[in-house]
Amino acid sequence: MSRNGRAARKERRRLREETRRPGPPGPYALLPWLLMGLGSFSNLFQGETPNPWIGGLGLLAFNSLYISVVFRGFVKEKRESPVSYVLLGAMTVITFGLAIGYGGSWLLYFPLLSLACGTILRHRLLAVGLLGLAVSACLISVWREDGGPTPWTLGYGTFISGAVTAAILTLAETVMELRSTRQELARTAVEKERLRFSRDLHDLLGHTLSVIVVKSEAARRLAPRDIDAALTQVADIESVGRQALTEIREAVSGYREGSLGTELDGARSALTAAGIEPSVRRSGPPLAPQTEALLGWVVRETVTNVVRHSTATTCAFVVEGTADRVRLTVTDDGRTPAAPPTPGIGGTGLKGLTERLAVAGGSLEAGPGPAGGFVVTAELPVDAPGRPGSGTGAPPLPAAGR
């Protein structure tokens with residue numbers, strides 16, 4: 001199995017393990033805590049509670065509101081809705097009424113109210129709310145003195161139940177957000193790699209196939225009258241094909257670093273085979289590998305355009321460098337397109353190069369020259385950052401063309 005196949009299988013296994021991991025607790029995990037109210041229900045059922053109809057309605061209303069608030073607390077939009085705060089306020093009124101009116105086991109509704117607060121409230125509101133409930137529970141327990149839970153135990157249980165609930169839910173939400181972010185980063189990395197490969201494949205194959213077509217046509221024309229010259233063109237086709245295979249393998253691996261000198265030599269060969277006279281002039285300091293590679297892509301694209309779409313007889317490459325920036329100018333004397341391209345951009349292939357150079361702090365302009373023909377000008381810092389084709393986020397280059 002290839003390295004890419006093993007990596008894909010490993011990623012699928014990781015995603016399966018990710019989906020099997022337990023998620024955050026749901027609202028059903030908080031429903032069993034309603035059993036804390038069994039004591040008050042028992043008192044009500046055995047007739048030990050005065051005004052049982054009031055107690056029964058209060059018990060029913062509290063339980064209904066508790067269930068509604070807990071389920072709303074697990075949906076962010078509903079949790080932050082004013083309706084949730086209204087329901088929580090109604091629970092608070094009922095809890096205080098039952099605790100003050102009956103005391104005893106009815107005081108245990110304070111921890112339940114605190115649990116509901118932990119699902120709805122966040123940050124400063126939570127701290128203030130829990131502290132207020134804990135103090136109120138202590139004071140009412142001291143005031144009632146009817147054999148219910150001890151005041152300090154009740155106050156501590158009220159505060160800690162809401163605080164722990166809020167902490168667990170907040171941590172669970174954070175973990176889920178981190179999982180989602182990691183998955184999004186993984187998808188972004190895959191997408192960037194796809195864009196890198198599509199750009200490199202377009203540039204490599206577009207240029208290489210253009211050269212092969214031109215040299216094949218030259219070999220066909222030369223074969224009837226000069227078999228040796230035709231064989232030379234065939235040998236060049238074989239060489240170009242072998243070089244293309246090497247470059248495609250390097251592009252797939254992500255390690256391709258083009259050389260401006262190599263690209264200029266290839267441009268001479270392709271232009272000469274197409275009957276176009278090339279000229280190259282270089283000046284300035286040596287360039288960083290990243291800068292040479294970017295300019296090499298420009299040479300490839302412009303040569304492809306000249307061979308495919310122009311009727312040029314000459315094509316000049318001028319590389320001028322200073323201590324800070326370098327400029328590549330490609331000028332041909334071919335016909336000007338009837339419909340002028342977008343100013344400063346050129347054809348669709350050059351649009352991708354424009355974006356790629358912009359990421360490295362450079363620029364690219366293309367359009368008809370002042371004396372006719374077509375001019376492409378690329379400018380870059382001497383030390384352009386980043387490696388071309390490493391996933392800069394530029395879209396894939398479509399078919400070359402002015």
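**Group meeting: a walk through the predicted model**

Asn51 sits in the loop that runs between helix H2 (38-45) and helix H3 (52-72). Helices here are DSSP runs of H or I with at least four residues, strands are runs of E with at least two, and both are numbered from the N terminus. This is a predicted model, in which local features need pLDDT of at least 70 and side-chain atom pairs count only at pLDDT 80 or more, while totals for chains, interfaces and linings use all residues. Residues are numbered from 1 along each chain as its sequence is written, and side-chain values use heavy atoms, with hydrogens and water left out.

Back to Asn51. Its phi is positive, about 50 degrees, although Asn51 is not a glycine. Most residues other than glycine have a negative phi. His123, in helix H7, also has a positive phi, near 60 degrees, and is a residue other than glycine.

Next, a helix pair. The axes of helix H5 (residues 82-102) and helix H6 (residues 109-120) come within 10 Å and cross at roughly 170 degrees. Axes are lines fitted to C-alpha atoms, for helices over the stretch in contact, and angles run from 0 to 180 degrees between N-to-C directions. H5 and H6 are therefore roughly antiparallel, the word for angles over 145 degrees. In this contact, meaning heavy atoms within 4.5 Å, residues of H5 including Leu88 and Phe96 meet residues of H6, among them Phe110 and Leu113. The contact residues divide into eleven nonpolar, three polar and no charged. Nonpolar covers Ala, Val, Leu, Ile, Met, Phe, Trp, Tyr, Cys and Pro; charged covers Asp, Glu, Lys and Arg; the others, Gly among them, are polar.

Now the strands. Strand E2 (residues 314-321) and strand E3 (residues 325-332) pair in the antiparallel sense over seven bridges, where pairing requires at least two DSSP bridges. E2 and E3 form a hairpin, with three residues between them. Gly321 has Val326 in E3 as its bridge partner. E3 also pairs with strand E5 (residues 374-381), again in the antiparallel sense, over eight bridges. There, Asp332 stands opposite Phe374 in E5.

Last, a lining. Which helix supplies the largest share of the lining of the second largest pocket? H8 does, with seven residues. A pocket is an open set of points on a 1 Å grid over the protein atoms alone, where a 1.4 Å probe fits, with protein on both sides within 12 Å along at least five of seven lines; lining residues have an atom within 4 Å of a point. This lining divides into ten nonpolar, four polar and six charged residues.

Technical notes
Parallel < 35°, antiparallel > 145°, perpendicular 65-115°, else oblique.
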